[in-house]
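Subject: Structure for your review

Dear colleague,

Please find below the structure that I am handing over to you. My notes on what was found in it follow.

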Amino acid sequence: MSKKIHIVFGRQGAGKSTYSKKLTKDIKGVHFSIDQWMWKLYGKDMPKSMNLKWIMERVDRCEQQIWETAKNISDCGVEVVLDLGFTKFEKRELFTSLAKELDISTQIHYIKAPHDLRKNRVLKRNNEKGETYSFEVTPGMFDFMEGEFQIPREKELKKAIIIDTGETENNENK
């Protein structure tokens with residue numbers, strides 16, 4: 001039985017959630033979104049002012065539970081798509097290593113788009129509150145997360161699927 005976990009990462013507004021949902025449908029897999037988990041479990045308890053320590057403690061809890069559940073689903077032969085942000089190299093490496101230890105193959109998907117396009121998407125998502133909306137991302141939050149993202153290393157991208165959603169959008173507008 002083949003076991004596979006897809007690790008989707010990129011900056012805010014790159015199109016990770018849209019891509020992950022399409023990928024999940026295409027492979028008939030199961031999708032996990034950190035934004036959905038955080039909002040459902042902790043959204044009503046969110047501190048008024050941004051408290052990174054409070055948020056990261058809860059993100060870590062969600063990631064641990066998501067991993068346990070993803071592992072069980074993978075054991076049943078169903079592919080899993082992890083849309084957990086993965087802004088840091090160490091987190092991407094951790095999930096890849098956890099899968100490898102359990103003989104679960106991984107596929108890395110790097111989703112990218114230009115800065116201005118991503119920022120416009122986030123602001124539009126805030127206003128429309130459509131399918132990929134979980135919570136409002138303020139311009140300040142967007143800028144903060146820009147500095148948190150670690151650009152993938154060449155080694156990471158060797159076997160990665162790289163999707164430039166800015167190119168896709170530009171081609172659709174022609």
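**Helix packing**

Helices α3 and α4 are roughly parallel to each other, a label for angles under 35 degrees, whereas angles over 145 count as roughly antiparallel, 65 to 115 as roughly perpendicular and the rest as oblique. The axes of α3 and α4 (residues 89-101) come within 12 Å and cross at roughly 25 degrees; such axes are lines fitted to C-alpha atoms, for helices over the stretch in contact, with angles running from 0 to 180 degrees between N-to-C directions. In this pair, α3 passes α4 in a right-handed crossing (right-handed if the near helix is turned clockwise from the far one by less than a right angle, left-handed if anticlockwise).

Helix α2 (residues 34-42) and helix α3 (residues 52-75) have axes that come within 10 Å and cross at roughly 115 degrees. The two helices α2 and α3 are therefore roughly perpendicular to each other. Here too the crossing is described as right-handed, with α2 passing α3.

**Basis of the values**

This is a predicted model, in which local features need pLDDT of at least 70 and side-chain atom pairs count only at pLDDT 80 or more, while totals for chains, interfaces and linings use all residues. Residues are numbered from 1 along each chain as its sequence is written, and side-chain values use heavy atoms, with hydrogens and water left out.

**Overall make-up**

The protein chain holds eight helices and five strands; these are DSSP runs numbered from the N terminus, with helices (H or I) of at least four residues and strands (E) of at least two. From the N terminus on, the order of elements is β-α-β-α-α-β-α-β-α-α-α-β-α. Of the 174 residues in the protein chain, 39% are buried (buried means under 20% relative accessible area, exposed over 50%, and partly exposed in between, with a 1.4 Å probe and protein chains only).

**Salt bridges**

The whole structure contains 11 salt bridges, each defined as a side-chain nitrogen of Lys or Arg within 4 Å of a carboxyl oxygen of Asp or Glu.

One of them joins Arg92 and Glu156, whose closest N and O atoms are 2.6 Å apart. Arg92 lies in helix α4 and Glu156 in helix α7 (residues 154-157), so the pair ties together parts that are 64 residues apart in sequence. Arg92 counts as buried at 2% relative accessibility, and Glu156 is buried with a relative accessible area of 14%.

Within helix α1 (residues 16-27), Asp26 and Lys22 lie four residues apart, about one turn of the helix. Their side chains meet in a salt bridge (2.8 Å, N to O), and both Asp26 and Lys22 are exposed.

In helix α3, Glu57 and Lys53 are likewise four residues apart, about one turn of the helix, and their side chains form a salt bridge (3.0 Å, N to O). Glu57 is partly exposed at 34% relative accessible area, while Lys53 is exposed at 59%.

A network of salt bridges also links Arg11, Arg118 and Glu146.

**Surface patch**

Leu52, Met56 and Phe144 make a nonpolar surface patch of about 230 Å². Patches consist of residues with over 30% relative accessible area and no salt bridge, with like charges joined within 9 Å and nonpolar side chains (Val, Leu, Ile, Met, Phe, Trp, Tyr) within 5 Å; accessible areas come from the Shrake-Rupley method with a 1.4 Å probe, and for residues only the protein chains shown count as cover. Phe144 is found in helix α6 (residues 139-148) and is partly exposed, with a relative accessible area of 31%.

Yours sincerely
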